[in-house]
Amino acid sequence: DGWGNPEVVTTVGQTHDWLQGTNPDDGQAASGKVSLIGISMGATAALNYALSLGENASDQIASIALISPALDTEDIEGTPRNAFLQASLRYAYGGSAATFAVEGVLHNPMRLRSEIAAMRIPIHIWYSSDDPIALTAITESFIETTDYVRGTVTGAYGHSIDDFPMDDIA
(Lines give C-alpha, C1' and ligand atoms only; values in the text may rest on other atoms or scores of the structure.)
Protein backbone atom coordinates (compact mmCIF):
# COMPACT_ATOMS: atom_id res chain seq x y z
CA ASP A 1 0.00 0.00 0.00
CA GLY A 2 1.63 3.20 -1.13
CA TRP A 3 -1.03 5.93 -1.14
CA GLY A 4 1.26 8.21 -3.13
CA ASN A 5 4.21 8.00 -0.75
CA PRO A 6 7.76 8.66 -2.08
CA GLU A 7 8.46 4.98 -2.80
CA VAL A 8 5.34 4.67 -4.95
CA VAL A 9 6.13 7.94 -6.70
CA THR A 10 9.56 6.50 -7.57
CA THR A 11 7.94 3.34 -8.96
CA VAL A 12 5.53 5.40 -11.06
CA GLY A 13 8.56 7.36 -12.30
CA GLN A 14 10.34 4.18 -13.35
CA THR A 15 7.22 3.09 -15.22
CA HIS A 16 6.96 6.51 -16.85
CA ASP A 17 10.61 6.33 -17.94
CA TRP A 18 10.00 2.95 -19.52
CA LEU A 19 6.89 4.20 -21.31
CA GLN A 20 8.77 7.21 -22.66
CA GLY A 21 11.57 4.99 -23.86
CA THR A 22 14.25 6.68 -21.75
CA ASN A 23 15.00 3.46 -19.89
CA PRO A 24 13.65 0.63 -22.05
CA ASP A 25 14.66 -2.92 -21.20
CA ASP A 26 13.44 -4.43 -24.46
CA GLY A 27 13.80 -1.61 -26.97
CA GLN A 28 10.07 -1.49 -27.70
CA ALA A 29 8.87 1.31 -25.46
CA ALA A 30 7.14 4.30 -26.99
CA SER A 31 8.48 7.83 -26.70
CA GLY A 32 6.77 11.12 -25.93
CA LYS A 33 4.14 12.14 -23.42
CA VAL A 34 2.24 9.54 -21.43
CA SER A 35 -1.11 9.54 -19.70
CA LEU A 36 -1.39 8.46 -16.09
CA ILE A 37 -4.25 6.36 -14.76
CA GLY A 38 -5.01 6.12 -11.05
CA ILE A 39 -7.69 4.00 -9.45
CA SER A 40 -8.65 4.53 -5.79
CA MET A 41 -5.40 5.00 -3.80
CA GLY A 42 -3.59 5.02 -7.15
CA ALA A 43 -4.98 8.52 -7.67
CA THR A 44 -2.67 9.83 -4.97
CA ALA A 45 0.26 8.07 -6.66
CA ALA A 46 -0.56 9.48 -10.11
CA LEU A 47 -1.07 13.02 -8.84
CA ASN A 48 1.98 13.02 -6.57
CA TYR A 49 4.16 11.62 -9.34
CA ALA A 50 3.04 14.35 -11.73
CA LEU A 51 3.75 16.93 -9.03
CA SER A 52 7.23 15.46 -8.49
CA LEU A 53 8.11 16.47 -12.07
CA GLY A 54 7.82 20.12 -11.12
CA GLU A 55 7.46 22.71 -13.85
CA ASN A 56 8.24 20.09 -16.50
CA ALA A 57 5.19 17.98 -15.68
CA SER A 58 3.12 19.14 -18.65
CA ASP A 59 6.04 18.41 -20.99
CA GLN A 60 5.92 14.75 -19.95
CA ILE A 61 2.31 14.04 -18.95
CA ALA A 62 -0.46 14.41 -21.55
CA SER A 63 -3.38 13.76 -19.20
CA ILE A 64 -4.42 12.06 -15.99
CA ALA A 65 -7.45 9.76 -15.70
CA LEU A 66 -8.74 8.93 -12.22
CA ILE A 67 -11.36 6.32 -11.35
CA SER A 68 -12.97 6.32 -7.89
CA PRO A 69 -10.08 8.43 -6.62
CA ALA A 70 -9.10 8.63 -2.97
CA LEU A 71 -8.40 12.37 -3.02
CA ASP A 72 -8.48 13.25 0.69
CA THR A 73 -6.15 10.94 2.58
CA GLU A 74 -6.70 12.85 5.80
CA ASP A 75 -10.43 12.19 5.63
CA ILE A 76 -9.80 8.52 4.90
CA GLU A 77 -7.22 8.13 7.68
CA GLY A 78 -9.12 10.10 10.29
CA THR A 79 -12.72 8.92 10.11
CA PRO A 80 -14.30 5.85 11.74
CA ARG A 81 -16.05 4.84 8.51
CA ASN A 82 -12.61 4.10 7.01
CA ALA A 83 -10.99 2.55 10.08
CA PHE A 84 -10.08 -0.53 8.03
CA LEU A 85 -7.79 1.67 5.87
CA GLN A 86 -6.00 3.51 8.69
CA ALA A 87 -3.22 0.93 9.10
CA SER A 88 -2.56 0.95 5.36
CA LEU A 89 -2.30 4.74 5.20
CA ARG A 90 -0.16 4.95 8.31
CA TYR A 91 2.15 2.23 7.02
CA ALA A 92 2.65 4.16 3.78
CA TYR A 93 3.86 7.18 5.74
CA GLY A 94 6.03 5.80 8.51
CA GLY A 95 3.70 3.51 10.43
CA SER A 96 1.93 5.73 12.93
CA ALA A 97 -0.73 8.40 13.20
CA ALA A 98 2.00 10.86 14.18
CA THR A 99 4.13 10.20 11.08
CA PHE A 100 1.04 10.28 8.86
CA ALA A 101 0.14 13.66 10.38
CA VAL A 102 3.52 15.00 9.24
CA GLU A 103 4.34 13.09 6.03
CA GLY A 104 0.94 11.95 4.83
CA VAL A 105 -0.62 15.38 4.77
CA LEU A 106 2.19 16.60 2.50
CA HIS A 107 0.93 14.20 -0.20
CA ASN A 108 -2.81 14.76 0.25
CA PRO A 109 -4.30 15.83 -3.12
CA MET A 110 -6.95 17.96 -1.39
CA ARG A 111 -4.16 20.06 0.14
CA LEU A 112 -2.30 20.21 -3.19
CA ARG A 113 -5.09 21.57 -5.40
CA SER A 114 -3.24 24.78 -6.28
CA GLU A 115 -0.10 22.88 -7.21
CA ILE A 116 -2.12 20.36 -9.23
CA ALA A 117 -3.87 23.17 -11.11
CA ALA A 118 -0.54 24.89 -11.78
CA MET A 119 0.64 21.84 -13.75
CA ARG A 120 -1.99 22.67 -16.39
CA ILE A 121 -2.49 18.98 -17.18
CA PRO A 122 -6.01 17.88 -18.14
CA ILE A 123 -7.46 15.59 -15.48
CA HIS A 124 -10.71 13.67 -15.80
CA ILE A 125 -12.32 11.88 -12.87
CA TRP A 126 -14.92 9.13 -13.18
CA TYR A 127 -16.65 8.55 -9.85
CA SER A 128 -19.60 6.94 -8.11
CA SER A 129 -22.52 8.85 -6.68
CA ASP A 130 -22.45 6.75 -3.50
CA ASP A 131 -18.79 5.99 -2.77
CA PRO A 132 -18.43 5.29 0.97
CA ILE A 133 -14.61 5.64 0.95
CA ALA A 134 -13.82 8.40 -1.53
CA LEU A 135 -16.83 10.53 -0.72
CA THR A 136 -18.70 12.07 -3.63
CA ALA A 137 -18.76 15.46 -1.91
CA ILE A 138 -14.96 15.46 -1.61
CA THR A 139 -14.51 14.41 -5.24
CA GLU A 140 -16.90 17.10 -6.40
CA SER A 141 -15.16 19.71 -4.26
CA PHE A 142 -11.84 18.71 -5.83
CA ILE A 143 -13.35 19.01 -9.32
CA GLU A 144 -14.99 22.38 -8.60
CA THR A 145 -11.97 23.98 -6.95
CA THR A 146 -9.14 22.73 -9.16
CA ASP A 147 -8.49 24.12 -12.64
CA TYR A 148 -8.08 21.63 -15.51
CA VAL A 149 -10.16 18.98 -13.71
CA ARG A 150 -13.41 17.60 -15.09
CA GLY A 151 -15.62 14.87 -13.70
CA THR A 152 -18.25 12.36 -14.70
CA VAL A 153 -20.59 10.60 -12.31
CA THR A 154 -20.87 7.06 -13.64
CA GLY A 155 -23.68 5.77 -11.43
CA ALA A 156 -24.07 4.25 -7.99
CA TYR A 157 -21.55 1.45 -7.53
CA GLY A 158 -19.93 2.36 -4.22
CA HIS A 159 -16.17 1.95 -4.30
CA SER A 160 -16.26 -1.34 -6.20
CA ILE A 161 -14.17 -1.41 -9.35
CA ASP A 162 -15.89 -4.70 -10.22
CA ASP A 163 -19.14 -2.80 -10.78
CA PHE A 164 -17.56 0.22 -12.47
CA PRO A 165 -19.05 0.87 -15.93
CA MET A 166 -15.77 0.78 -17.90
CA ASP A 167 -17.59 1.24 -21.21
CA ASP A 168 -18.65 4.71 -20.03
CA ILE A 169 -15.04 5.93 -20.13
CA ALA A 170 -14.50 5.35 -23.83
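Helix α8 (residues 136-145) buries Thr136, Ile138, Thr139, Phe142 and Ile143. Viewed down the axis of α8, these buried residues fall within an arc of 165 degrees, so they line one face of the helix. The model is predicted.

**Helix α8**
- Ala137 and Glu144 are exposed on the other side of α8.
- The cover over the buried residues of α8 includes the helices α2 (42-52), α4 (73-78) and α7 (113-118), together with the strands β3 (123-127) and β4 (149-153).
- An α-helix has 3.6 residues a turn, so residues three or four places apart point the same way.

**Aromatic pair**
- One aromatic pair is found in a search of the whole structure.
- The ring centres of Tyr93 and Phe100 are 6.0 Å apart and their planes stand at 70 degrees, so the pair is edge-to-face.
- Tyr93 is buried, because its relative accessible area is 4% and the cut-off for buried is under 20%.
- Phe100 is likewise buried, at 2% relative accessibility.

**Surroundings of Ser63**
- Ser63 belongs to strand β2 (residues 61-67) and is partly exposed, with a relative accessibility of 24%.
- Ser63 and Ser35 are 28 residues apart along the chain, and their C-alpha atoms are separated by 4.8 Å.
- A polar contact of 2.8 Å joins the side chain of Ser63 to the side chain of Ser35.
- Apart from neighbours within four places in sequence, Ser63 is in contact with Val34, Ser35, Leu36, Ile121 and Pro122.

Terms used
Residues numbered from 1 in each chain as written. Predicted model: local features only at pLDDT ≥ 70, side-chain atom pairs only at ≥ 80, totals over all residues. Heavy atoms only, no water. Phe/Tyr/Trp six-rings, centres within 6.5 Å; stacked < 30°, edge-to-face > 60°. Buried < 20%, exposed > 50% of the residue type's maximum accessible area, 1.4 Å probe, protein only. Helix = DSSP H or I, 4+ residues; strand = E, 2+ residues; numbered from the N terminus. Arc of directions from axis to C-beta. Contact = heavy atoms within 4.5 Å. Polar contact = N/O pair within 3.5 Å; in protein donor to acceptor, adjacent residues only side chain to side chain.
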